[in-house]
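Hello,

Here is the structure I said I would pass on. My notes on what was found follow below it.

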Amino acid sequence: MIICPSCKEEIDNDSYYCDQCGSALLYCQQCGRVGMGRRCTYCGGLMASPKDIHGNGSMGSAVVSMNLMSTTSQTFYAHSDNRVNQGNKISTLVLENSSLNIRIQGVNGAVIGRRQGPYTQYFDKNHYVSGVHAQLKYNATQGWSVIDKHSSNGTKLNQHQLQPDVEMTLRNGDVLTIANINLQVKIN
């Protein structure tokens, strides 16, 4: 089963449309995850309909198996208003630097980078930020976290250097540093 990114209902793995809300489903051509928009918020790959990916309309076992792995009960998808919902609990993440006019709304699984992810417009001219620099995650037990993705110039949380591929929990009021850019963490 997969989770519809629009209405958050469980639907069959090989669906082209959500049978609950009718939304057309898009799958990442790189990692196979279901999502919305032009780029995958998890890996930055291009999103396409199953018919576009395989031409004949069949999903293929790689996409189906990837979706099975990514849709456990602990996987969360961002609403269109960029809030993460798990039952009645809704947590919104904002990363902000007002002097640089940066205001990022967190999306679960989103890549922060100069070349990939939904936030490239903030970092595309900053060569200190890696193409894939960090990633945002959300889960029910610890809330929002950040993961350094082997960036060249590092990621810091409250001036402490993060180790690559280690999740670090974000708290309201923290300062997240992406290379040379400080971002104030705001969680509601």
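**Notes on the chain**

Of the contacts in the chain with a separation of 6 or more, 40% are between residues 24 or more positions apart, contact meaning heavy atoms within 4.5 Å. This is a predicted model, in which local features need pLDDT of at least 70 and side-chain atom pairs count only at pLDDT 80 or more, while totals for chains, interfaces and linings use all residues. Residues are numbered from 1 along each chain as its sequence is written, and side-chain values use heavy atoms, with hydrogens and water left out.

The chain has three helices and 17 strands (DSSP runs numbered from the N terminus: H or I of at least four residues, E of at least two). Of its 188 residues, 46% are buried (under 20% relative accessible area; exposed is over 50%, partly exposed in between; 1.4 Å probe, protein chains only).

Leaving aside residues up to four places away in sequence, I112 touches L95, Y119, F123, V132, H133, A134, L136 and I178.

G22 is in the loop between β2 (10-11) and β3 (26-28). G22 is partly exposed, at 46% relative accessible area. Its C-alpha atom is 9.4 Å from that of C7, 15 residues apart along the chain.

Regards
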